[in-house]
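Here is a short report on one protein model.

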Amino acid sequence: MFSPLGAIASHSPTRRAFVSLLSDAIATQLRPYSLQSRLVDVAERDGELRVFLVAGEVSGDTIASRLMQGLKDLSPVPVKFTGVGGESMRKSGFESIFSMEEISVMGLWELLPHIVNIRSRINYTVEAAFLFQPHVVITVDSKGFSFRLLKLLRSRYAKGTHGPLHIHYVAPSFWAWKGGEERLRDLRHFVDHILCILPFEAQICKLNGLPATYVGHPILDDSSSLSPLLTVHRRSSSILVSESEKQDQQRQAESFLKHNGLSPGSNIVALLPGSRLQEVRRMLPIYAETMQLLKESFPDLSCVVPIAPNQQVQGYIDKAARYFPVPTALIPGASLETKYVAFNVSKAALCTSGSAVMELMLAGLPSVVSYRAHLITEWLIHFKKKINFISLPNILLNSEVIPEVLFRDCTPENLVKTLRLVLLDKKAREIQIESAKKMVRMLDQSIEQKKEHADLCRIRSPGYIAAWTILHVEKNLH
């Protein structure tokens, strides 16, 4: 696994020096707390750090695995983990108390068939956390499950006594919904600190009485982990690419195409139908019909489908791909480099709204964002939202840089029309690529503003900054 400590080895002589630099860089954010009961001090006293960690979906699983690595490297004592997680966390030695897929449900109406099982899993998780006696409970995204868990766990401790520190990683998108800030204020009763991934979120949390720290968007960890050949800057400017790098990139592409049985001259579209079974079942048939219509204009059309590391999703896509109307290569989405090579050989992407849109922006791959849900869920979203866009790049740039084809408009006919534009219109493609560069720079600059030393700017690791923040936060007693 990529380790930022290794990445700065040539610039910092020892791990202790790195830790000292990182401490200085974020100390100003933590000064409102007393230094008497920091998490790291309690862990040192007990000789170990016990972390109960919960991730409920694939993107959260990736974030949590990087956080685990950061905590292991930065903690002065051994770290013990348990909780709920997925494939990425298991590769880091995590043992989940049940399958993460059981709670990976999104939507309002869509939740109803699963509500009994999810309530049961919440109660089971509360008991497991209580028995583990953790120093800290960390929930990652999945706000519905996470906040119910934290609220119930807080109530388990007798009045007047203090349980574990409660930290939530990835602030809920309170800024997107009517009444969002009011609900944000309620979190302070059972959340002690929030780790934010967007630059503007921490200040709003603090104004609503909720301690928070901006740690950087997880896409910056992708950028640090990947070969320079796979970043957004390489697709948009040949000046930045040396002849040897061009040759390496060409060899990567040729090897990928050969391995997956794809023609080098074909028009390849990357399809990303989602990471949850319910959304894949809804979106993949629409994508298949879209490809059927699109191949009338592009007879050499083929597809690559990065599959999320979710066993149910993998099984469903494996079966569905046998009947796809164009040559289709299925690749493991858990392999970061393979996924970005797939993006590099693709000419465009069709993506279900979610964290994958940010990955496409990092890759500089022009794309179309789509989304369908149950009619009741769609109606509630229309009624409650207070923003104009659904995908994060468009929200951050305040412009529909990436075309969005949503809800009842999300039909194969409309998707074909929009994809044709993205495939054929050179100006539209360049706008997306240049906007991607702007967005990545925006996130980069925001995180670097939190750093006072050159060594820290070189690593750009939100996972490690999050780990350090957790170790140095104390519970806000009030």
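Strand S12 (residues 367-371) pairs with S13 in the parallel sense, over three bridges. Two strands pair if DSSP finds at least two bridges between them. Strands (E, at least two residues) and helices (H or I, at least four) are DSSP runs, numbered from the N terminus. Tyrosine 371 has its bridge partner in S13: leucine 406.

This is a predicted model, where local features need pLDDT of at least 70, side-chain atom pairs count only at pLDDT 80 or more, and totals for chains, interfaces and linings use all residues. Residues are numbered from 1 along each chain as its sequence is written, and side-chain values use heavy atoms, with hydrogens and water left out.

**The sheet.** Six strands form an open sheet with parallel pairing, in the order S10-S9-S8-S11-S12-S13. Which strands stand at the edges? They are S10 and S13 (404-406); each has a single partner strand, so one side of each is left without a neighbour in the sheet. On average, neighbouring strands here are turned by 20° against each other, direction ignored. Their axes are lines fitted to C-alpha atoms.

**A covered helix.** Helix H16 (residues 356-363) is mostly covered, with eight of its eight residues buried. Buried means under 20% relative accessible area, exposed over 50%, and partly exposed in between (1.4 Å probe, protein chains only). Among the buried residues of H16 are Met358, Glu359 and Met361. Just after H16 comes glycine 364, with a positive phi of about 70°.

**Cysteines.** A disulfide is a covalent bond between the sulfur atoms of two cysteines. Here the rule asks for a pair of cysteine sulfur atoms within 2.5 Å. The structure holds zero disulfides. Two cysteines can be listed by their cover:

| Residue | Relative accessible area | Class |
|---|---|---|
| Cysteine 303 | 0% | buried |
| Cysteine 351 | 0% | buried |

**A cavity.** A cavity is a set of points on a 1 Å grid over the protein atoms alone, where a 1.4 Å probe fits but cannot get out. Grid points are joined across faces, edges and corners, and a volume is the space filled by probe spheres set on the points. The count comes to two cavities of 30 Å³ or more.

Technical notes. On a 1 Å grid over the protein atoms alone, a cavity is a set of points where a 1.4 Å probe fits but cannot get out, and a pocket is an open set with protein on both sides within 12 Å along at least five of seven lines; lining residues have an atom within 4 Å of a point. Axes are lines fitted to C-alpha atoms, for helices over the stretch in contact, and angles run from 0 to 180 degrees between N-to-C directions.
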